[in-house]
Amino acid sequence: MRLIGVLRHANALWLLPFLIAVDLSMIFLRDDHWVGVWPETAVAAQMPAMFLAMLAAAYAAWTARREERLGLAEQLEASVRPRWQRELLGVASIAAVTVVAYCVGFVVALARTLPQSPPGFSLVPGYWLLGLFPMLAAVGAGWILGKYLPSAIAAVVAGIGGFLAFAYFGEIGGERIVVISGYPDTHVDLFVVLTRVAAAVALCAVAILLPVRKPRSLRGAEQPSYPWARPLVLVPACVVVMISVFALGRAAGPAIAERAAVDPLCRGDQMKLCLWPEHEKYAPVVAEISQRVEALPDIFVREEDVAWEYGLRYRVDRLDDGTVDLGDEEQGSSTFEIFDGSPGAITREIARMISWRGYQGECAREVDEARDVTLRIDSWLEHYLAGGGSPGQIPAGDPEVGEQLQRGFDVANGDLSREEQFEWAEEQVEEYRSICPRDGQS
Amino acid sequence: MIEACDLRQSYRGRVIIDGLSVRLGPGIVSLLGPNGAGKTTLLRTLATIKPPTSGTFSVDGHVIDSPAALQQARHRIGYLPQAFGYDPSLTVQDFVHYAAWIRGVPRQQRSSHVASVLDDVRLAEHAKTKMRKLSGGMIRRAGIAWALVGEPAVVLLDEPTVGLDPQQRVAFREIVSRCGQQATVVLSTHLVDDVDALGGDVVVMNEGRALFHGTKDELAALGDAPSTGATPLERGYIRVLENAEATAI
């Protein structure tokens, strides 16, 4: 059949503009920190896959018995084409329309980053493949539901079930099916993700091959058929195929793997801040931060120092919320992270690093007064390094902690000159040392 | 040509076709009979949708006794059920294109087959019209195109004139007459008018059996004797049914 006729027949063509609109909304209605960084751009373009998958599942469920609803069952029973070929047409049409919408979103997102031409484009295809899996799997699962449930019920079950599956169980081996951040220190393992895509294709194949019960008026003695096409052979075979492929998908391991360190992109002299090359767009911000660090009183800065973006030198476990747990022995390591493109997150990490390497020690955890001082200093450092000038409130939390953080924030963003701020900071350090005389002296 | 040999068909223990042996074709063959005579079941059986409970039939001399033979037979048969379905959002051309694909017409020949068959059913100028915008008669003609595409040797039409107004029926008969020159056309009807207009062979069916098989003139000749009915053909038809009832008693 002509392609356009195929899509029209599967009634999938009208779905395309709707899916594209959903995809582009998902990409552009969130903040644009991803623009200018290839892996973040790819992840931003990959995230709508989850929503496209839910819609595709519902639509596949609705479409699976569409020919029957249209009264075509009897004509098609006399078809030269076996049933699986006709179903393939439907499944392939829905999958194609969904993937096309996904690709349109991808291309548009890539076009936003292209003018900045940062390094790291090779990380993009992996994330593209990562998004294919949930969409193809959803089409297969939706089609199976649609074959055995009344169409309207199947569509609702597939749509809501898809949402719940992604929201609450959307993991494979403890890893999210759709990732939300494209850290430059990680990449997508192509073998693993291709295995998942193969599993999704297998699910679609099973969806197509599973036998259906004919309408009552067309039931009769068994047609002479090929032995392999009989339900007693076909159904167990499909189940075995599914279990095997999914077991392989799980056994293949995590799809997001750590990258080997590369030549970093460093800014600053006395205080060097080194980034993953993919984070080139943050180089000017990092250079400014470095200059502000270098200008700090001697009490905070070593003669020469280097801080590394996470993954370039140290690797520790990443927490569920995406932050980095440096662990006790790693506290004070010269590592920082750029989390979701926030300069505030950079300066927060660097402020903690400076404090630990400059004056702080274990006492800050054990003595309340010492903790309060470090909270004030860290808050000031964070906002001073970010450039200050942004009066406001620290988000409410623990009132005692919030009060200390607000004091540091007010100093950085108030009317004090830089020298006056430094003077205040040195006084704070002196106060800390009076509480914890042994800390930070080594 | 289709040849059935001792064909039986039953549904939930009830006999629908009872040992039917008949040779249909070439040309037009009308299956005439009251409602429940087994015409639709016979057509479904010949269309390979409902396998017979026993007995065999062949299409153009090929007995359907294996999956391969079944596939081959389906290439030779075009079938239009009485309540045929269509996708209202498709254009006429796409609807027939889909039929061509379903019927296994090779890709390179599909477009020419579709154009030709739309021309045959006088729908060429409506090729790009959506199915939902067609009149009842046009939809029937699109259905005929579905059955004719791919040049099948046997065309099975179940009650194709139901719901058509007199003018549409005339146009429809003209199309079927032309088809009958190239293929065996087996159509079921309970309207004697259709048989009269189309000519060809007539099989009168009742309760799953063929009560009469001959030309329309032979059937009309049976109506020369006094009987109910407005035309000789109607009287002949009624006579055949009455004779069968009398024999059964």
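Colleague: What conventions apply here?

Modeller: Residues are numbered from 1 along each chain as its sequence is written, while chains are lettered from A and ligands numbered from 1 in the order in which they are written. Since the model is predicted, local features need pLDDT of at least 70 and side-chain atom pairs count only at pLDDT 80 or more, whereas totals for chains, interfaces and linings use all residues.

Colleague: What is the order of the strands in the open sheet of chain A?

Modeller: Strands (E, at least two residues) and helices (H or I, at least four) are DSSP runs numbered from the N terminus, and two strands pair if DSSP finds at least two bridges between them. In chain A, four strands form an open sheet with mixed pairing, in the order β5-β6-β7-β8. Here β5 (265-267) and β8 (335-336) of chain A each have a single partner strand, so one side of each is left without a neighbour in the sheet. Strands β7 (residues 305-309) and β8 of chain A run parallel and are joined by two bridges, with Glu309(A) opposite Phe336(A).

Colleague: Is Thr48(B) buried or exposed, and what is its phi?

Modeller: Most residues other than glycine have a negative phi. Thr48(B), however, has a positive phi of about 70 degrees, and is found in the loop between α1 (39-46) and β4 (54-59) of chain B. A residue is buried if 20 or more other C-beta atoms, placed from the backbone, lie within 10 Å of its own, exposed if 12 or fewer, and partly exposed in between; Thr48(B) has 23, and is therefore buried.
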